[in-house]
Amino acid sequence: MENSIVIKKRRKNSQMREVWGRLKQHPMAMIALAGCLFIIFIGIFADVIVPYSLAINNEAMEKLLPAFSPGHIFGTDNFGRDIFARIVHGTRTALIIGMVSTIISIVISTILASVAAMSGRAADNIIMRIIDVLSCIPGTVLALAICASLGNGIPQLVIAISISGIPMHTKMIRSVSLTVANKEYIEAAMILGATQGYIIRRHLVPNLASIILINGTTQVSINIMQGATLGFIGLGVKAPTPEWGTMLSEGLNYMIGNPHMVFIPGIALCLTAFFINTLGDSLRDAFDPQLKGKA
């Protein structure tokens, strides 16, 4: 028993070293990884980088200052709030929305997909028919409807985006789960009397780790964009909490005279999506078994 555990750990470590080796050979993957780590660093240490008060306090005498003004590198908005501070603290808001909603939807989807794959045709049909119904509604529309009913705020936004992401993840994870569930070692574990929960926890989920990681990375970017979209139309976080979509919406009225109010949060949103999507694509290529020995 101990030998089998050691062998599994060695295989896992070997696979991770192989994946890391492929990533290191692609400059864009490294740039994307560095960009993602930089964004996470800003989100974690936002209060150290710039006080939160600068992002929410109104300064009537400093309204609509242009970029590179003294004391305001990105200028100020129509309320006199420092745009640099709002971008920095908006990074934390974006990461909370993107990462927490992704974790929730991934966990629920993995449970549903695993149960569907292991519990037989009846349970599979029930779960997938419910997922099919939810899939008929576009994710943004579903999130919009949930936000409209629950109200504004980060918790409401996270719940709405999490629910809207469950159908896609469940379908993708289930397709892999069905393949893994038909493996000989799964059948052997069932014959030896292992419970369904044990098989899912010890055999099924570890074999889904790569697709969960790849899907989760990409979904973080999608959820950040979806959160910004809802903030843009007024269903995002409550004012004056810094949030990039809300900043874009507020800046539209001042686009001609003060384009920095739109360009700066727009660039922050685009760069974040670019880094996360590029990292997700790189992880997909690194985990692809067809690339073994070719990287």
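Student: What should I know before we start?
Tutor: This is a predicted model in which local features need pLDDT of at least 70 and side-chain atom pairs count only at pLDDT 80 or more, while totals for chains, interfaces and linings use all residues. Residues are numbered from 1 along each chain as its sequence is written, and side-chain values use heavy atoms, with hydrogens and water left out.

Student: How many residues are in the largest nonpolar core?
Tutor: The largest nonpolar core has 28 residues, and those with the most contacts inside it include Leu23, Ile83, Trp244 and Leu283. A nonpolar core is a set of buried Ala, Val, Leu, Ile, Met, Phe, Trp, Tyr and Cys residues joined through side-chain atoms within 4.5 Å. Buried means under 20% relative accessible area, exposed over 50%, and partly exposed in between, with a 1.4 Å probe and protein chains only.

Student: Which elements give two or more residues to this core?
Tutor: They are helix H1 (2-24), helix H2 (27-44), helix H5 (83-118), helix H11 (209-232), helix H12 (244-252) and helix H13 (260-287). H13 gives the most, with 11 residues. Helices here are DSSP runs of H or I with at least four residues, numbered from the N terminus.

Student: And what does Leu283 touch?
Tutor: Leu283 touches Leu23, Leu213, Ile214 and Thr217, not counting residues up to four places away in sequence. Contact means heavy atoms within 4.5 Å.

Student: New topic: which residues of H12 are buried?
Tutor: In H12, the buried residues are Trp244, Gly245, Thr246, Met247, Leu248 and Gly251. The buried residues of this helix pack against H5, H11 and H13.

Student: What caps the N-terminal end of H12?
Tutor: Glu243 does, with a side-chain oxygen 3.1 Å from the backbone nitrogen of Gly245.

Student: Is Ser221 buried or exposed?
Tutor: Ser221 lies in helix H11 and is buried, with a relative accessible area of 3%. Leaving out residues up to four places away in sequence, Ser221 touches Ala273, Ile276 and Asn277. The side chains of Ser221 and Asn277 are joined by a polar contact of 3.2 Å. A polar contact is a pair of N or O atoms within 3.5 Å; within protein, one must be able to donate a hydrogen and the other to accept it, and residues adjacent in sequence count only if both atoms are side-chain atoms.

Student: What about Thr278?
Tutor: Thr278 is in helix H13 and is buried, with a relative accessible area of 15%. Apart from neighbours within four places in sequence, Thr278 is in contact with Met28 and Ala32.

Student: Where is the cis peptide bond?
Tutor: The cis peptide bond joins Ala239 and Pro240, with omega about 5°. Pro240 is in the loop between H11 and H12.
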